[in-house]
Amino acid sequence: MADRVRSLTDVLLSVESISLSFGGVKALTDISFDIKKGEIRAIIGPNGAGKSSLLNCINGFYHPQEGAITYKGQRRSRMRPHEAAEQGIARTFQNIALFRGMSTLDNIMTGRNLAMRTGLFWQALRLGPAEREEIDHRKAVERIIDFLEIQHIRKVPVGQLPYGLQKRVELGRALAAEPELLLLDEPMAGMNLEEKEDMCRFVLDVNDEFGTTICLIEHDMGVVMDISDRLVVLDYGKKIGDGPPEAVKHDKAVIDAYLGVSH
Amino acid sequence: MGFFLEVLIGGLLAGVLYSLVALGFVLIFKASGVFNFAQGAMVLTAALALVRALDVFEQWHWPFAVALLSAFVFAAVIMAIIAWAAERLVLRKLVNQEGIILFMATIGVTFFLEGLSQSLFGADVYPLNVGLPKDPVFLLESLFDGGILVNELDIWAAVIAGLLVAGLALFFQRTRIGRALRAVADDHAAAQSVGIPLNQIWFIVWLVAGLVALVAGTVWGSKLGVQFSLSLLALKALPVLILGGFTSVPGAIIGGLIIGAGEKLAEVFLGPSMGGGIEIWFAYVLALLFLLVRPQGLFGERIIERV
Amino acid sequence: MIYREAGQYKASYQADQAIFPIAQDRLAMLALLVIAFLVVPFVASEYVYRAVLIPTVILSLAAIGLNVLMGYCGQVSLGSGAFMGIGAYAAYNLAIRLPFLNPFVCILLSGFVAAAVGIVFGIPSLRIKGFYLACATLAAQFFGDWAFLRVRWITNDTPSGSVNAPPLQLFGWDLSSPTANYLVALCFTVVLALGVKNIVRGHIGRQWMAIRDMDIAAEIIGVRPMYAKLSAFAVSSFLIGVAGAMWAFLYLGSWEPAAFDIGRSFTLMFMVIIGGLGSILGSALGAIFIVLLPIFLNQALPPLGAAVGWQISTATVSHFESMIFGALIVFFLVVEPRGLARLWSIGKEKLRLWPFPH
């Protein structure tokens, strides 16, 4: 796949000097980088480097002890998860956090939750406004189901789906919220080549068609080098690389970290 | 002042009795992560088995010491059978389910045991006499006018509870089985992978909890007579556990003391202005307020959730 | 074969999302309603009304209410008995102190009172989960027990401790006969159950289920835990309160606080577990089961015992009842945690193929 060359200027999210620790364990130390609007930013690094913790800070699940995050111009030192969702940040999880008791369709419909406004009384009646709202959102969700090619498992409870399909449903749920910033935590873990190619195609399409900014954590170097505009490299909670794939690929510190040379 | 001390001490001692029941909960929760709602029913069953066997043996004119010992053995055997059945029929089948499912299963066990023990052993009130003195005693007569009224039985209960806690602490810390129990409580799969037999461990835990229930039933039964309401003690143990933490043996004692004292003091000093009878809910509201401030109790472990 | 849905195409999302998308289900439900409303009143005896029909209908509504909280939203509650009591005493107070209000209006309004109290007692659920929450609901139960007995304002200072429901009438028609009681209870239950079913399949229901399945992920996709949990408590308490008021006015007639004690809470919980957590139909099935079982045991056990020479007293029957309930709870949790409702849908699956094996 050809290298992506784009000029992007606006900063959507910037992370300033974030430090996070749990008890005595320092998960992140003085991390700073930015994500430009419309780009695909990858976070890479060996296991335990703090990548998931970084994502968790961005969407408000963990609160860093130091530093601040500026999103869409607003500077915050701590954010609540549902605030992040309301501001247009959506994410998927490393260990799949789908609602196992519900079907694929219902799971993706929960992604539309923020846009659904009718109150208890109208819901109980289910005539007029409630029914119309439900149908409108069903249409939006069906577009996503078409996009992700999961029509055949619409009504299947997600607990019964194979791992690769569950990952796709989780992506669908994140997309349903029509986010401005999409955080993907190892979206291709455990997939074979064909599934990975499908997932790459979805990620690129989302970025192209909707202009969604994407920040993803990924271990597959081929995928990362191909689809991302810029990279951030973490090791032991510290940033050791930041830039376009070509530059980072040749950076000595990054190569050392991956080859395990003691440092 | 003397009156306040009397109520306080009475409350503390009542609290010790609650702790005895709570100890059984802690044991099972520590070793299997199951909140055993049936602990109260186990106290009832143990006490019923004991008192009826004792009655029968005394009717057969056995010497008191022999009758008592045999009755204890009989009750212990009954608790062993219950432990075996609980492990085999309930725990083994529900091993991978969430805590709430296991909790509801123990509610089922509660009802089953209540029905079984009452149909086997009878449903009346049976006075129990195992040789523990029940007389009221006046302490510290030199300090306070007339002395502080304390029931000798309550003092004996405190001593027994103390011995029990010391014994359990030794058991957990020093013996091989105790160590295995702590391993199982931490991580089932890991414990199995080092060769610890899960099923045997659970049987042992429920057996020990059953014996603790027997001790609790003996003391409570001596105090109140053996009757159905013993089973409702399980409900009172919940606030005790919330205060003390679900996994802590010393926590169960301290939680019991706080609840017992708090309840009695509230009833005597707050109760009259509220119409009386606040004992039935005070412990729970106290626990609730505590939960809002410190969800893991005084001695429990803080759980950090990962996504 | 009878149950095949072949040939039933859904041409709109509305049709696909209907409560009963399959035509056979719609017909069956219609038939059931016709029988319940039009046939039963002509064939049922007073005993059947008072022993089976009225309790089943009212307790179904209470079980649906508890299922909303436990089955759909995953919040444990051991205090449902007290909430039935709140509904009952609220309706009583409204009827006594505002005599111009029709008793049926009082029943409906009592639901709102119960909902308000439910929201207050639901606030702890924002910080506590699982069996800690069970303890908080026990606090509600015991506090309720005490308040109904000791707070004299609630019982209007009755010396005996028991209170009586007002006579039931609507626009001058006397509605105190068992048939009328049954029909009124049925109306309330069917209408409210329909409303709940609609809520549960809409976005609020999905929020509840998201909280139940994984509350952390739910918060991250934007579900506000406070709104979701408190709305579950509110709707649940509303239903249980209305059921409690109906229980008092339409079934008991006169009652004491003990009618709403912790035994009642356990009974409702058994209905929900055995019937199936997270299923409206299951709540009704559970209620039917729990109401019928003691009757069945009372009729069947003594003759069985006599056949083997064993004199079985009513006390023994109630012990057996406990044992059977307990054993059934464990059985259902082990074999089919989703209860009778799941067994029902498995049965329907088999019906689609019948008489073919596969």
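Start in chain C of this predicted model, at helix α6, which spans residues 130-150. C:Phe143 and C:Trp146 both sit in this helix. They are three residues apart, about one turn of the helix. A pair of aromatic rings is described by the distance of the centres and the angle of the planes. For C:Phe143 and C:Trp146, the ring centres are 5.5 Å apart and the planes meet at 45°. That angle falls between 30 and 60 degrees, so the pair is tilted. The two residues also have their own accessibility values. C:Phe143 has 30% relative accessibility, so it counts as partly exposed. C:Trp146 has a relative accessible area of 6% and is therefore buried, the cut-off being under 20%.

This pair belongs to a longer list. Over all chains, the count comes to 36 aromatic pairs. Some of the rings join up. Ring pairs link B:Phe25, B:Phe29, B:Phe35, B:Phe37, B:Phe103, B:Phe111, B:Phe246, C:Phe266, C:Phe270 and C:Phe325 into a cluster.

Take one member, C:Phe266. Helix α10 of chain C, residues 262-275, holds C:Phe266. Is C:Phe266 buried or exposed? At 8% relative accessibility, C:Phe266 counts as buried, because the value is under 20%. Now look at what C:Phe266 touches. Leaving out residues up to four places away in sequence, its contacts are B:Phe37, B:Ile107, B:Phe111 and C:Leu78.

Next, the second largest pocket. Its volume is about 650 Å³. The lining has 21 residues. Those nearest the centre are A:Phe121, A:Ala124, C:Leu192, C:Gly195 and C:Phe238. Which elements give two or more residues to this lining? Chain A supplies α4 (120-125), and chain C supplies α5 (103-122), α7 (178-200) and α9 (225-252). The most comes from α7(C), with nine residues.

With a relative accessible area of 4%, C:Ser237 is buried, because the value is under 20%. Which residues is C:Ser237 in contact with, leaving aside neighbours within four places in sequence? They are C:Phe83, C:Gly111, C:Ala114, C:Ala115 and C:Gly118.

Finish in chain A. Here an arginine meets a ring. A:Arg173 lies over the face of A:Phe99, at 4.8 Å from the ring centre. Backbone angles come next. A:Asp30 is not a glycine, although its phi is positive, about 50°. A:Asp30 is found in strand β2 of chain A, residues 25-36. Its relative accessible area is 47%, so A:Asp30 is partly exposed. A:Ile96, also a residue other than glycine, has a positive phi near 55°. A:Ile96 is placed in the loop between β6 (89-91) and α3 (104-111) of chain A. Is A:Ile96 buried or exposed? Its relative accessibility is 4%, so A:Ile96 counts as buried.

How values were computed
Residues numbered from 1 in each chain as written. Chains lettered and ligands numbered in written order. Predicted model: local features only at pLDDT ≥ 70, side-chain atom pairs only at ≥ 80, totals over all residues. Heavy atoms only, no water. 1 Å grid on protein atoms, 1.4 Å probe; cavity = no way out; pocket = protein on both sides within 12 Å on 5 of 7 lines; lining within 4 Å. Points joined across faces, edges and corners; volume = space filled by probe spheres on them. Helix = DSSP H or I, 4+ residues; strand = E, 2+ residues; numbered from the N terminus. Buried < 20%, exposed > 50% of the residue type's maximum accessible area, 1.4 Å probe, protein only. Contact = heavy atoms within 4.5 Å. Phe/Tyr/Trp six-rings, centres within 6.5 Å; stacked < 30°, edge-to-face > 60°. Lys NZ or Arg CZ within 6 Å of the ring centre and 35° of its normal.
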